[in-house]
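Biologist: I have a chain open here and some questions about it. Can we go through them one at a time?

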Amino acid sequence: MSREALVAPGAPAPAGPYSQAVLSNGFLFTAGVLPRDAATGEVPESVGEQTRLVLHNIQEILRHAGAELHDVVKCTVHLQDPKRDAAEFNAVYAESFAAPYPVRTTVGSELNNVLVEIDVVAALPAR
């Protein structure tokens with residue numbers, strides 16, 4: 001099994017002892033990506049704005065690995081309040097992904113000062 005850690009300069013760096021992303025056997029696995037601006041550290045207010053920033057950060061990681069959002073096969077989404085935020089989250093999420101959509105698990109999670117966190121698995125294009 002091959003395994004290579006990846007750090008995309010355009011996305012926020014890990015805040016602890018974990019990799020931002022790992023390349024392994026033709027797949028890219030990301031850690032949970034937060035709605036933090038890589039340059040300023042700022043976090044937007046609404047779940048829609050946070051979702052856009054998380055997806056932007058994910059795109060930065062994917063691009064660094066030679067992939068795009070359409071290469072994502074699995075998303076795990078953590079929402080602080082799924083009942084309140086699901087509709088707004090889904091509207092923004094649908095702007096970034098097209099059918100056939102990645103499989104997705106969405107759960108309610110106790111998140112520290114953010115409304116959404118997403119991790120993905122992407123199948124890397126053949127090189």
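Biologist: Which residue in E6 does His-78 stand opposite?
Modeller: Glu-117 is the E6 residue opposite His-78. Keep in mind that this is a predicted model.

Biologist: How many bridges join E4 to E6, and do they run parallel or antiparallel?
Modeller: E4 and E6 run antiparallel, joined by 7 bridges.

Biologist: What does Lys-74 stand opposite in E5?
Modeller: In E5, Lys-74 stands opposite Val-103. E4 and E5, the latter covering residues 103–108, run parallel and are joined by 6 bridges.

Biologist: And E3, in what sense does that strand pair with E6?
Modeller: Antiparallel, over 3 bridges, with E3 spanning residues 27–30. Phe-27 has Ala-123 in E6 as its bridge partner.

Biologist: How many residues of E6 are buried?
Modeller: 6 of the 8, so E6 is mostly covered, taking buried as under 20% relative accessible area.

Biologist: Switching to the core. Which residues touch the most other members of the largest nonpolar core?
Modeller: Leu-28, Ile-58, Ile-61, Leu-62, Val-72, Val-116 and Ile-118, out of 29 residues in that core. At least two core residues come from each of E2 (21–24), H1, E4 (72–79), H2 and E6 (116–123).

Biologist: Which of those gives the largest share?
Modeller: H1, with 6 residues. As background, nonpolar side chains in soluble globular proteins tend to be buried together.

Biologist: What is Ile-61 in contact with, sequence neighbours aside?
Modeller: Leaving out neighbours within four places in sequence, Ile-61 contacts Leu-6, Ala-8, Ala-11, Gln-20, Ala-21, Leu-28, Thr-30 and Val-33.

Biologist: Where is Ala-11 placed?
Modeller: In the loop between E1 (4–6) and E2.

Biologist: A loop residue, then. Is Ala-11 buried or exposed?
Modeller: Buried, because its relative accessibility is 6% and the cut-off for buried is under 20%. Beyond four places in sequence, Ala-11 is in contact with Gln-20, Ala-38, Asn-57, Glu-60 and Ile-61.

Biologist: How does the lining divide into nonpolar, polar and charged?
Modeller: There are 9 nonpolar residues, 3 polar and 1 charged.

Biologist: Buried or exposed?
Modeller: Asp-85 is buried, because its relative accessible area is 5%, and buried means under 20%. Apart from neighbours within four places in sequence, Asp-85 contacts Val-47 and Leu-115.

Biologist: And Glu-49, where does that sit, and what does its accessibility count as?
Modeller: Glu-49 lies in H1, residues 47–64. Its relative accessibility is 40%, so Glu-49 counts as partly exposed, the band between 20% and 50%.

Biologist: Last one: how far apart are Glu-49 and Phe-89 in space?
Modeller: 9.1 Å, C-alpha to C-alpha, while the two are 40 residues apart in sequence.

How values were computed
Residues are numbered from 1 along each chain as its sequence is written. This is a predicted model: local features need pLDDT of at least 70, side-chain atom pairs count only at pLDDT 80 or more; totals for chains, interfaces and linings use all residues. Side-chain values use heavy atoms; hydrogens and water are left out. Buried means under 20% relative accessible area, exposed over 50%, partly exposed in between (1.4 Å probe, protein chains only). Contact means heavy atoms within 4.5 Å. Ala, Val, Leu, Ile, Met, Phe, Trp, Tyr, Cys and Pro count as nonpolar, Asp, Glu, Lys and Arg as charged, and the others, Gly among them, as polar. Helices (H or I, at least four residues) and strands (E, at least two) are DSSP runs, numbered from the N terminus. A nonpolar core is a set of buried Ala, Val, Leu, Ile, Met, Phe, Trp, Tyr and Cys residues joined through side-chain atoms within 4.5 Å. Two strands pair if DSSP finds at least two bridges between them.
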